[in-house]
Amino acid sequence: MSHSAYGKIWVAAQGALEDLIQKEIPAEPPRPQKDQQVAFHTLATFYVKYVQILRSLETVYDQIVHPQKRRVIRHVLDGVMGRVLELKREMVDLEFSEFHYYDDILQDLKLTPEDIEIPIPRYFVSEKIRVLKDRERILAQILAQAGPQELETKVNVKQLSLAEAVRLIQVSERARQGRLRAKFMKEIRQEEEKELQAKIRGVTTLDPDEASTRIQKVWRGYSQRKRTKKERLEEMIFLGMLPAPQQQQTSAARLQAQQVESTRHVVQEEHEVEFQHALVSIRETIRSLEGPDIKESLQEQIRQWFIECHDATGKFPDYPDEEDGGSAAIFAEKTPEQVAAELAAKEEEKEKKKKSKGKKDKKSGKKEKKKDKKGKGKKGKGDKEEEEQGWKMTPSNFLPTVVEGNKSYKDVWQGRDEGHNFSQRFDGELIKEEKRKEVEEEIRIQVDELMRQELKNLKLTVDREKGKKKKGKKGGKKKKKKGKKGGKKKQKKEKDLTADRTIESLYEELVQEGLLIRPSRTKLTDFIGEYSYLGTTLRQADIEPMPSLSDVKQLMALYGILPLGSQAVHEKAPLMKTLLLAGPAGVGKKMLVHALCTETGANLFNLSSANIAGKYPGKSGLQMMLHMVFKVARQLQPSVVWIGDAEKTFYKKVPKAEKEMEPKRLKKDLPKLLKSIKAEDRVLIVGTTRRPFDADLKPFCKVYKKILLIPRPDYSSRLVLWSHVILQNRGLVTNALDLSSLAKITDGYTQGHMMRAVQAVLTDRRVQLQDKKPLTAVEFISPLARQDPIYKEEEEAFKTWYAKTPLGKKRAKAAKASEEDGESGKAGKSKGKKAGKKGKKKKKKKKK
């Protein structure tokens, strides 16, 4: 695609964003919404539209090469990302559920489920690719020095005695010979039958014409059947009833598009380097050429202000401090009299505050107590009013960012003619405007120092009393500085246990101890799952649907990847410190953790109970280990702290076999660590568990406030998974492989089961024989039969456990309240009907 094509996408995205801003910030504040369904519909509509804008802006930011345009797009992109996260939080608070369904909205807007998939901005990794490569190189060196690592996968091999091994070989060899003999005898019998039939019928020679017609019939029938089969297959593929045959080689058009994208990235880097050089050079030229003129004009303006103030008030004014803006405060569209009055008022206020400080402190304590008492009495009325008012949108932290970015686009780029800038290099005039302001501010500070001295000299010569007042002001400044020092001392209470060590040494030690591990290169797109098309229908029928794997993938992008990837989003977005992935074995919890690290370029720390067993013993050792982990995690952020088998930290009863491992070592320290994580720390603690019901629920949910339940795959997800896993393992999906039946009979099996079954079937020899003997569904049944599926009892155990979590309880209460409201409405109608019937009976009796 060309520069103009991406420019059109940007214009369309900004136009859609302008419409959304007008709807979100109307001229008149909207009335509170009492109907929950209407409120959710408005939220979901905003969410879907923002996601579409986010997808457009992400592609534009990745491909546009103009450095100044990319800065404006990045500003808006971060704002839209944050707004999407805020809307998601609003929907969770409204519906008391992590999973939401937008079928009706997609139908109204004529969109597909793919259009609302959360895009992962590529700049998360591309902008720090050099740092990631250096980190990978250092990690490889440390691991090489540590020696070969033990393989995690251990294959259990049954050892046989010599007699058992010989007997096994003999049985298999005799079976092979028996099969060959049976095949040979079958061929002999078939030949004998042919000879008998030929003797009975008698050997007759056919006429050449008749023989040729027979041959033609056979050949034409064969060719027509082959052609019909091919046309039928093409029709079924076109209708989407059969999967398209996989292409062995990517198309030339796709290769060319990928090449163009990569070349655009190279041009981006070149233009960015040029832009950075231009920033320095243009600033220096402005300072050298225009700097003296700016300095003279500022001095003349300030001297003129001195004269005007002296003529108006009879005194020379006080020069504004640096904190108040210096000389910039003088020329803020105000007259000299107004400026002098403001400065005098500020001085009077400062003196009054100093005198009445003690009195106000005493009075304020009494007033606060009275207010608290009054507030407590009036709380009930306020709550009732809020309930009557209904639902309101909470104020946003990101809407001002979006509005500001949209304004800068409209002011600078909307009507700008760039016909001359074919190569999309930087615009020098815009740089001059920005740098001229910066140079003016720098010169203004220098001029302020000179003019303060000049004003002081004028005051000494004309009026000596004002010089004394200035001395009093300096004393006040010193007192303020003392207060600042006292604040710094309070921050030094946190002890640094490794103050004498460098981050490199701590990093190396954590790698050697196995606490900092290398994440596998898996992307979120590798987590395959299909969209749930019946979610809205089931919820309208008061049936809570099981979340699909596609929903889980979306939540992982929202709660994990977007906040960790962008510092601007993480600081203002709803703070996410912990995340728990709960689900049966084999559903892809560990894969999601590694995908989270890959997509954001995060470090991965492993604090699982099995991994930290025996390391850093004792309380002091545990404190040192956690201090090192979180110090390195903060310094080299973003970072993910993974706790596998998270339920073991909060065991109700520790099993005897695990007592030596001390699985509950982190129970007391985890809540303290969560308090130390702040908004500027891009550190996320991710727990994975396959038996959450073994943990004590209250402390477990206090640490892991955000819980994602990962279910086993449904039919549609299994259908997609089988095709993906087979192709991933060098298999060929043909018409002979009945994927629909295979997906139907594997109900209860997870992604891990499917992967092991495919790996067992697709050996090197079987892969070579695929052209002659295509894969069939029957081949995968025997390896699947050797594995235990996820039974309904285990799935129900996860559902009941999730219903006991805080969000599950809120959801259950809301469902009960809606049912009670419905029943009360029905009861009211039935009472009205009964009363009407009784009234009719009484009237009839009176008539009689």
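Which side chains meet in a salt bridge with 2.8 Å from N to O? Select Glu795 and Arg712, for it is their side chains that meet in this way, a salt bridge being a side-chain nitrogen of Lys or Arg within 4 Å of a carboxyl oxygen of Asp or Glu. Glu795 lies in helix α30 and Arg712 in the loop between β6 (707-709) and α25 (715-728), so the pair ties together parts that are 83 residues apart in sequence. Glu795 has a relative accessible area of 16% and is buried, where buried means under 20% relative accessible area, exposed over 50%, and partly exposed in between (1.4 Å probe, protein chains only).

Before going on, note that this is a predicted model, in which local features need pLDDT of at least 70 and side-chain atom pairs count only at pLDDT 80 or more, while totals for chains, interfaces and linings use all residues. Residues are numbered from 1 along each chain as its sequence is written, and side-chain values use heavy atoms, with hydrogens and water left out.

**The whole chain**

Of the 848 residues in the chain, 36% are buried. Among contacts with a separation of 6 or more, 84% are between residues 24 or more positions apart, a contact meaning heavy atoms within 4.5 Å.

**An aromatic cluster**

Now select Phe650, Phe700, Tyr704 and Trp801, which ring pairs link into a cluster. The whole structure holds 12 aromatic pairs, counted when rings of Phe, Tyr and Trp (its six-membered ring) have centres within 6.5 Å, with planes under 30 degrees apart called stacked, over 60 edge-to-face and the rest tilted. The rings of Phe650 and Phe700 are a tilted pair, because their centres are 5.6 Å apart and their planes stand at 55 degrees. This pair links distant parts of the chain, with Phe650 in the loop between β4 (639-644) and α23 (669-676) and Phe700 in helix α24 (residues 697-703), 50 residues apart. Phe650 is buried at a relative accessible area of 1%, and Phe700 is buried with a relative accessible area of 1%.

From Phe700, move to Trp801: the ring centres are 6.4 Å apart and the planes at 55 degrees, so this pair is tilted. Phe700 in helix α24 and Trp801 in helix α30 (residues 792-803) are 101 residues apart, and both residues are buried.

**Salt bridges within helices**

A search of the whole structure finds 37 salt bridges. Select Glu86 and Arg83, whose closest N and O atoms are 2.9 Å apart; both lie in helix α3 (residues 67-95), 3 residues apart, about one turn of the helix. Glu86 counts as buried at 3% relative accessibility, and Arg83 counts as buried at 2%.

Next, select Asp134 and Arg137 in helix α6 (residues 129-146), 3 residues apart, where the side chains meet in a salt bridge of 3.7 Å, N to O. Here Asp134 is partly exposed, with a relative accessible area of 38%, and Arg137 is partly exposed at 44%.

**Last stops**

Select Arg283, Glu284, Arg287, Lys435, Glu438 and Glu442 to see a network of salt bridges. Finally, turn to Arg70, whose charged end sits over the ring of Tyr61, 4.2 Å from its centre; a charge sits over a ring if NZ of Lys or CZ of Arg is within 6 Å of the ring centre and within 35 degrees of the ring normal.

Note on methods: Helices (H or I, at least four residues) and strands (E, at least two) are DSSP runs, numbered from the N terminus.
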